[in-house]
Amino acid sequence: MRFVAIFKAVTKNWLRSRTGLFFSIMFPIMMLVIFGSIFGGSNYVPTMTAAFIMTNGIIGLTSTNTEFKRRGIIRRLSITPLTKMDWVVGCVLSQTLLNLLLTGIMIGIGWIAFSVRVIPDPLTVLMIFLGSVLFSGIGMALSGSLKDVEAAAAVGNVISYPMMFLSGVFVPLSIMPSTLQLLSKFIPLTYFSDGLKAAIITKSTGTTLYDMGIVAALAVVFIAAGVLLTRWKEK
Amino acid sequence: MLEVQVQDLVKQYADTTAVDGISFSVNNGEVFAFLGPNGAGKTTTVEILECLRSFTKGSVLVCGYDITKDKDVEEIKKNIGVLPQDFNALDKLTVKENIELIADMYDKHLKVADMIKLLNLEDKANARFENLSGGLKQRVGIAAALVSDPKLVFLDEPTTGLDPKARRDVWDVLANLKKIGKTVFLTTHYMEEAQVLATRIAIVNKGKIAAMGSPQELIDEYGGLKILVIRKADESLAKKLGDKFEHVTMNSNGDIHIKIDNTDKLYSIMSLLTAMKAEKDIEIQTPTLEDVFLKITGSKISEEGEAK
């Protein structure tokens, strides 16, 4: 149960960090309000939520953890009986809590600003959970393999931004050229964003379950990658 | 019982040999110090022992367990406490929360409140780690290293970068560990630290152990002779002494230095001075670890830990 202690510690750490909270919660709210005001909010509530859960994992978590690594915090923990699995699970669950909070706030903004009346059902919560695990898993895998904070920020951005555009978060896929539409099928965010839209806007359970299956499978793969790439020992 | 047994340990990197065939052991209950300049291989060795770093050749047992076996590594981790070089904790957590986090990693641990008390951190228990001074951060690190009640404690450069007051505070804590009989493996580039704290010292230079023994043994063997200094003397006294004794020199300050190779020589000089009613300020300089280090390696260590 060491992951519980890790969960508690890293959660307190981000809750008390103002810049961290700004980028993981305030920035998404700003983007939702801007895009929602220009194009109408209903689709942006789920797709922006999905997109920022993605960036929270791939950019946010990766930067936080490479910083932990640089400062020797991960090394300090690795000298204790803590297992890599407990470490990864604790971090991923903490990130998931952050993302559930973000989802709640995004839905709240949807209600207030764009009259998007959404009440999240258990399927939505499960979808958020799995998507969060998936992208936090990618974050853990990246921070396991990257050395410094600068590299983490660069790699995180290089992965996140194309993913955001190619999954139809900002621009609907239907207006994109067919090659980009085909490419979008290989982007994990496409399934998460689609599935979340299906769960809370269009209410099509079939689509949700299909997308959820893919997200769940990818989540398992990236959690495993996160555990495998985390290093407890140096050369 | 031996807590650490190292035989012919070698650590090679692509272009350098950081640890070049060292062997030593640490007995239960002793404070063993690795003393040497930066780049001597101290931290590399300690990190290998802590199962944090791979090695090229040799055999290492920690608390009787083999560091190359995964099952043994699990046991080692339960039995050691570590203050790593440049210790850091989670910035936004308090002192208490950070020690608790490390405590929670173990099935059994001491009370966090007791550790806070032991390290005199009561006033700072609820202060965030990011707001602590360097000396306080080190004390949090030592508390975290002790909270699992380890059989063996590694302290890697525990006072580097601290001001003299903070350094002395940390020494007080470490002296306490010595008193309660904890086995401690310490690395340092401060001579005084090794001299004050260690029961046994290995002088490490360029990846090798150059000499090993208790501080007194090292001084007796390598420190050279005691020196009797007579302050503000005059030429005639120097000449008189020089006629009767060997190794008499006078420096530009007017101080006479006489190397003392045996006790009788000291007594006869003293009685001569008494007979002459010389009434001079005298002092006996005993060799220190600094002299030992200079003699063995041909260099000194700067405050920052560089060999010069």
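Which residue is the bridge partner of B:Val6 in S4(B)? In S4(B), B:Val6 finds its bridge partner in B:Val60.

## About the model

This is a predicted model, in which local features need pLDDT of at least 70, side-chain atom pairs count only at pLDDT 80 or more, and totals for chains, interfaces and linings use all residues. Residues are numbered from 1 along each chain as its sequence is written, while chains are lettered from A and ligands numbered from 1 in the order in which they are written.

## Strands of chain B

Let's start with strand S1 (residues 2–12) of chain B, which pairs with strand S2 (residues 17–27) of chain B in the antiparallel sense over eight bridges. Strands here are DSSP runs of E with at least two residues, helices are runs of H or I with at least four, and both are numbered from the N terminus. Two strands pair if DSSP finds at least two bridges between them.

S1(B) and S2(B) make a hairpin, with four residues between them, and B:Gln12 stands opposite B:Thr17 in S2(B). S1(B) also pairs with strand S4 (residues 57–62) of chain B, in the antiparallel sense over five bridges.

## A lysine in a loop

B:Lys280 sits in the loop between helix H10 (263–275) and strand S14 (282–285) of chain B.

Setting aside neighbours within four places in sequence, B:Lys280 is in contact with B:Ile230, B:Arg231, B:Lys232, B:Ala233 and B:Leu273. Contact means that the C-beta atoms of two residues, placed from the backbone, lie within 7 Å.

## Where the chains meet

The contact takes 21 residues from chain A and 23 residues from chain B. On the side of chain B that touches chain A, the elements giving two or more residues are helix H2 (70–79) and helix H3 (95–103) of chain B. By class, that side has twelve nonpolar, two polar and nine charged residues. Here Ala, Val, Leu, Ile, Met, Phe, Trp, Tyr, Cys and Pro count as nonpolar, Asp, Glu, Lys and Arg as charged, and the others, Gly among them, as polar.
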